[in-house]
Amino acid sequence: MNISQQRDAARPRARGTERSVARRAELIAIGRKLFADTSYDALSMDDIARQAHVAKGLIYYYFQSKRGYYLAIIQDSVADLVTYAASGVELNAVDRVHRTIDSYLRYAEHNQAAYRTIVSGGVGFDTEVHAIRDGVREAIVATLSEGAYGRTDIAPIARMGLLAWVCSVEGATLDWIDRPELPRDTMRELLVKMLGGAMRSIEELDPDYRAPEPARRED
């Protein structure tokens, strides 16, 4: 799956009349504000309807259930992150990596409840939330591999090395939003240096995947 397909999967195409699509989008925008820092269990459908100033039945009409509404909100917000990560192709590799990591941290910082849900996989084993999380991982791996190696169809050792870095970023970011002792700029620079280490390790195991020049600089 390429980056464009990952982006489309993250934000499914809404169906219906232009007015109904716009109304659905409006409800999702409201939900993104409500759930930005509030967990799924903390708000009832009555709470949501009251704070959104809409009839509860309208939410059921568009999303069938509270869970359906929440998943639509997560999909929409994650789609913005995937789109941003895939953009900036005109930038040099270093700037694009910094931009991607910074946007990731900003997303986690401003959507803490949703981020925790995505990274933890939801309540129990939620296959739909897992699919959203896996889509974000693959999009970031694709962005990194395209920038570092000029392609996204990379060998298993290179993919696993980049994926391992992404998974470590998830854990570190969870701790960072719980204990924001580091400024975002410092956190970003730390993650960039960790990525350089991962790329050098990939090169050691497979010389065909040379680390980009910036990642080869040892401080």
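Predicted model: local features only at pLDDT ≥ 70, side-chain atom pairs only at ≥ 80, totals over all residues.
1. **Overall fold.** The chain has 10 helices and zero strands. Read from the N terminus, the element order is α-α-α-α-α-α-α-α-α-α. Of the 219 residues in the chain, 46% are buried.

2. **Contacts and surface.** Take the contacts in the chain with a separation of 6 or more: 65% of them join residues 24 or more positions apart.

3. **Salt bridges in total.** Side chains of opposite charge can pair when their charged atoms come close. Searching the whole structure gives 19 salt bridges.

4. **Asp76 and Arg32.** These two form a salt bridge, with the closest N and O atoms 2.8 Å apart. Asp76 sits in helix H5 (residues 66-86) and Arg32 in helix H2 (residues 18-35), so the pair ties together parts 44 residues apart in sequence. Asp76 counts as buried because its relative accessibility is 17%, under the 20% cut-off. Arg32, at 23%, counts as partly exposed.

5. **Arg67 and Glu128.** Here the side chains meet in a salt bridge at 2.9 Å, N to O. Arg67 is in helix H5 and Glu128 in helix H8 (residues 127-149). The pair links distant parts of the chain, 61 residues apart. Arg67 is partly exposed, with a relative accessible area of 32%. Glu128 is also partly exposed, at 39% relative accessibility.

6. **Arg137 and Glu170.** Buried or exposed? Both Arg137 and Glu170 are buried. Their side chains meet in a salt bridge at 2.7 Å, N to O. Arg137 belongs to helix H8 and Glu170 to helix H9 (residues 156-178). This pair too links distant parts of the chain, 33 residues apart.

7. Which residues do salt bridges with shared partners join into one network? The members are Asp102, Arg106, Glu109, Arg184, Asp185, Arg188 and Glu189.

8. **Ala211.** This residue lies in the segment after helix H10 (184-205). Why does Ala211 count as buried? Its relative accessibility is 5%, and buried means under 20%. Leaving aside residues up to four places away in sequence, Ala211 touches Met199, Arg200, Glu203 and Arg216. Gly196 is 15 residues from Ala211 in sequence. In space, the C-alpha atoms of Ala211 and Gly196 are 7.7 Å apart.

Conventions:
Residues numbered from 1 in each chain as written. Heavy atoms only, no water. Helix = DSSP H or I, 4+ residues; strand = E, 2+ residues; numbered from the N terminus. Buried < 20%, exposed > 50% of the residue type's maximum accessible area, 1.4 Å probe, protein only. Contact = heavy atoms within 4.5 Å. Salt bridge = Lys/Arg side-chain N within 4 Å of Asp/Glu carboxyl O.
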